[in-house]
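Hi everyone, thanks for making time this morning.

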Amino acid sequence: MAATAPPASSAPASTRFRLSDGAAFALLCSMALAFLAAASAPTPLYSVYQEEWGFSAITTTVVFSVYAASVLGALLTVGSLSDHIGRRPLLFGALGAQVVALVLFAVAENVETLMAARFIQGISTGAAIGAIGAGLLDLSKLRGATASAVAPMVGTGAGAVVSGMFVQWLPAPEHLIYVVLLGVFVLQAVGVALMRETVTPKPGALASLKPQFALPPAARRPLVAAAPAMVACWSMAGLYGSLGPALVHRITGSVNHVYGGGALFVLACSGAVAVLALANTQPQTSMVLGTAALFAGVGLTMLAGDVSSLGFFFAAIVAGVGFGAAFQGALRSVAMVAGPHERAGVISVLFVISYVAFGGPAIVAGVLVVETGDIMATSYYYGSAVMVLTAFALIALVRQTRAAAVAAAGAVPAEDTCGARVVGALRPVPSPEFDAA
C-alpha cells in the first residue's frame, strides 16, 4: 500500500499560527501606546484620590517620583535584556507586571497601595520600552524609528484624556479605567504569543542586568549631538505634564477633568503629526527645526499665561511640533546606527535621558507649587529655564549643522567633525533587510 503524505494541518502548533510582520509591527505600536497610556491614566484621578483619602498635594509629587525612579531603574537594569533573551520573553514579563500593577490600582484604598502600583508599573514600562522599540526596528528600521517616536507621545496624551473622560462621565472611574486597560493588555499578550521572535538569543543575560549606561561606539557621537535636543524637548514636556492641568483649570476656570489632560493631549498629537511630516527629513534638520519650535512654543505658553485659553492651546500646538520634531530627529540619529543586538540597550539609554529630563524638573515644579502656592509664578520660572536650555541646544545644533556642511564640502575632514558624522551616515535610505514588513 502506497504511503500517503501527512496532511498540511499536521505542522507543529508553534508554527501553524503566526502574525505577519506587518501585524506584529502594528501590535508593537499598540503596546507602546498602551503602556504609556496606562502610565498617564492615574494623573486625572489624583484629585479623586486626594478628596477620598485626604492626602496633601506633596503626596502626588512623591507618587510621581516613585514611578519615575522605578522606570529609570528598569531602563538601567533590564533595558537591554531583550537583546540577550529575545523580545517576546521580556514583553511577556512586562505585560505580567503591568497586569499586577493594574489590579493594585483597581483595588487601591490608600496611598501605600497606590505607590506600590506605581512602582510596579514603572518597572513594567521601563522594561517594555526598550524591547518594543528594538522590536519595531527589527521589523522595519525606518518605520520603526518613526513609530518609536509617535506611539509613546500619542499614548501619553490619549491616556490622560481618556482617563479624564472616565472621571468626568463614568461611574467608579478609579476602578473602571484600570479594568479596561487590563483587558487591553491581556489581548496584547495573546498577540505576543503569536508573533515571531525577531532576534536570536545570545549569552550575557545576567551580566546585562548590572546597572549600566553604555552605548556601542557607533552611537556615541550621535548621542552627544542629540542629547541637548532630547533634554530640551522632554523638559518642555515635563512643563505640560506637571503644571499643564493646573494651568488649564486656572485659565479656563473649569474643573472639567477632560480639560486637565487637554494640554498634554494637544501637545502629544501635534508632536505625532510633526514626526510623520518630517519622517524623511535628515535627523539634524529635524532637531534644528524642533528646538526652534520648542523655544517659540514655550515662550507663547508664558505669554498666554492666564490671559487666553485659546492662546495657551495654540502655544501647546507649537510646542508639540517642536517636541515631535526634536525627539524623532534625536532618536533616529542614534538608534539607526545600532546593530540588532544593541538596539534595546540604545533605546533604553535614550529613554533614561528622556525620563530624567521629564521627571526631574516636574518634581521640582511640584514642590515649588506646594511651597509657594503660586502656580503662575512657578510656571514662569520653569518656562524660563526651559527656554534657556532650548536656546543652548539650538545654538549647539546650528553650529554642528554648519560644521557638517563645511565637512561635506571638503574643507574639513569628516572624522574631525561631530556634526558631519551624525548627518552624513544617517539620512534614511530604504533597506530590504529592515523594510520587508
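Let me start with what I call a cavity: on a 1 Å grid over the protein atoms alone, it is a set of points where a 1.4 Å probe fits but cannot get out. A pocket is an open set with protein on both sides within 12 Å along at least five of seven lines, and lining residues have an atom within 4 Å of a point. Grid points are joined across faces, edges and corners, and a volume is the space filled by probe spheres set on the points.

Two quick notes on the source. This is a predicted model, where local features need pLDDT of at least 70 and side-chain atom pairs count only at pLDDT 80 or more, while totals for chains, interfaces and linings use all residues. Residues are numbered from 1 along each chain as its sequence is written, and side-chain values use heavy atoms, with hydrogens and water left out.

First, the overall picture. The protein has 17 helices and zero strands; these are DSSP runs numbered from the N terminus, with H or I over at least four residues for helices and E over at least two for strands. Of its 437 residues, 53% are buried, meaning under 20% relative accessible area with a 1.4 Å probe, protein chains only.

The largest cavity holds about 110 Å³ of space. Helices α2, α7, α8 and α15 each bring at least two residues to its lining, and α7 gives the most, with five. Among the lining residues are F35, I132, P152 and F351. By class, that lining has 10 nonpolar, two polar and no charged residues. Here Ala, Val, Leu, Ile, Met, Phe, Trp, Tyr, Cys and Pro count as nonpolar, Asp, Glu, Lys and Arg as charged, and the others, Gly among them, as polar.

F35 turns up again as a contact of Q98, a residue in helix α6 (residues 87-107). Is Q98 buried or exposed? Its relative accessibility is 0%, so Q98 counts as buried. Beyond its neighbours within four places in sequence, Q98 is in contact (heavy atoms within 4.5 Å) with F35, A38, Q121, S124, T125 and F185. T125 is 27 residues away in sequence, with a C-alpha to C-alpha distance of 7.7 Å.

On to the second largest cavity, with about 60 Å³ of space. Its lining draws at least two residues each from α11, α13 (283-304) and α16 (375-408), and α16 gives the most, four. As for α13, its 22 residues should span 32 Å at 1.5 Å a residue, and its end C-alpha atoms are 31 Å apart, which agrees. That expected span is 1.5 Å times one less than the number of residues.

Finally, the open space. The largest pocket has a volume of about 1200 Å³. Of the 44 residues lining this pocket, T43, T60, G241, S242 and P245 are the closest to its centre. Its lining divides into 29 nonpolar, 14 polar and one charged. Helices α2 (21-40), α7 (111-139) and α11 (217-252) are among those supplying at least two residues each.

Key. Buried < 20%, exposed > 50% of the residue type's maximum accessible area, 1.4 Å probe, protein only.
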